[in-house]
Amino acid sequence: MPTTLLFELSDGIARVTINRPDKLNALNATVISELGDAVTRIETDAAVRGVILTGAGSKAFVAGADISELAEQGPIEGKARSMAGQLVFRRLERSGKPVIAAVNGFALGGGCELAMACHIRVAAEHARFGQPEVKLGIGPGYGGTARLPRLVGRGRALELLLTGAMIDAAEAFRIGLVNRVVPADRLLAEAEALLGTILENGPLAIRACLEAVDAGLETSLDQALLLEANHFGLLSATEDMREGTRAFTEKRKAVFKGV
Ligand code: COA
């Protein structure tokens, strides 16, 4: 049984909650390991169709890597810690299931990095974002220098990375770091409604979109277009595509089976 994580599955949605509220859900080695186990289940359990990731309590999503562990590490351990977290976050990002971060408070350092490894971010109005690692004399270790510039552009990313400054949810929305800002008491409902809208669509098509954007952003335009065309062709061999197009012409709601 995980000790730092809650995993609830209902109606195809896995609700994963980082559960160390007394430490503002800081990511220690146990959280990373248990998050890895949760990702394995997300990857392999066909009953999981989408994921909502949030933090316990109302104050923090995740306030970063656990600073008490960082304080003890040497260079070999530091690199290993970074790579272990990066791997878990990357597996989540490439799980093939849509993942929405419901950011319910501070998303700092590893917390901002975890939110960025999710496909979509919905933030409560009181959420705060930042990469304050430089204030500790260290840099981001869980993907901050890689994902932040991809999301908000080089200049804005460097300003956040170099100053370590915190921004509020409205500013995070303005620069494209979050998709939506909602009242705190509506956060989970709004994230679930958004995920529900996504899950009404063809699951193979969703998976293809996730893969094409993930791989396509890292390659040339021509390679990205070829990947898209390959997906377009492959999806044309699915029952879901027949069902989706038939349902349109028959003016009814499609019933997708993921085949
Ligand atoms: N690692 C370990 N413990 C953390 C933590 C972290 N990243 N962030 C918060 N905590 C712990 C605090 O040490 C405190 O524990 P204690 O009650 O045993 O002393 C508890 O969580 C509550 O945090 P506290 O600092 O008292 O809350 P606050 O409201 O005064 O401040 C923050 C909130 C988020 C501004 C502040 O906790 C903070 O700056 N955290 C570190 C953020 C950071 O640098 N993250 C990047 C790490 S690489």
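Okay, so a quick definition to start: when I say helix, I mean a DSSP run of H or I with at least four residues, numbered from the N terminus. And keep in mind that this is a predicted model.

By that count, helix α2 covers residues 67-70, and Ile67 sits in it. Ile67 is partly exposed, at 45% relative accessibility.

Next, helix packing. Take α1, residues 29-44, and α3, residues 75-93: their axes come within 9 Å and cross at roughly 25°. Angles under 35 degrees count as roughly parallel, so that is what we call α1 and α3. The crossing of these two is left-handed.

Now the charges. There are 16 salt bridges in the structure. One of them pairs Arg15 with Glu192, with the closest N and O atoms 2.7 Å apart. Arg15 is in strand β2 and Glu192 is in helix α8, so this pair ties together parts 177 residues apart in sequence. As for accessibility, Arg15 is buried at 17%, while Glu192 is partly exposed at 24%.

Then back to α3. Arg90 and Asp214 meet in a salt bridge, 2.8 Å from N to O. Arg90 lies in α3 and Asp214 in α9, residues 203-216, so here the linked parts are 124 residues apart in sequence. Asp214 counts as buried at 17%, and Arg90 as partly exposed at 29%.

Arg186 and Glu190 also pair up, at 3.4 Å.

Conventions
Residues are numbered from 1 along each chain as its sequence is written. This is a predicted model: local features need pLDDT of at least 70, side-chain atom pairs count only at pLDDT 80 or more; totals for chains, interfaces and linings use all residues. Side-chain values use heavy atoms; hydrogens and water are left out. Buried means under 20% relative accessible area, exposed over 50%, partly exposed in between (1.4 Å probe, protein chains only). Axes are lines fitted to C-alpha atoms, for helices over the stretch in contact, and angles run from 0 to 180 degrees between N-to-C directions. Angles under 35 degrees count as roughly parallel, over 145 as roughly antiparallel, 65 to 115 as roughly perpendicular and the rest as oblique. A crossing is left-handed if the near helix is turned anticlockwise from the far one by less than a right angle, and right-handed if clockwise. A salt bridge is a side-chain nitrogen of Lys or Arg within 4 Å of a carboxyl oxygen of Asp or Glu.
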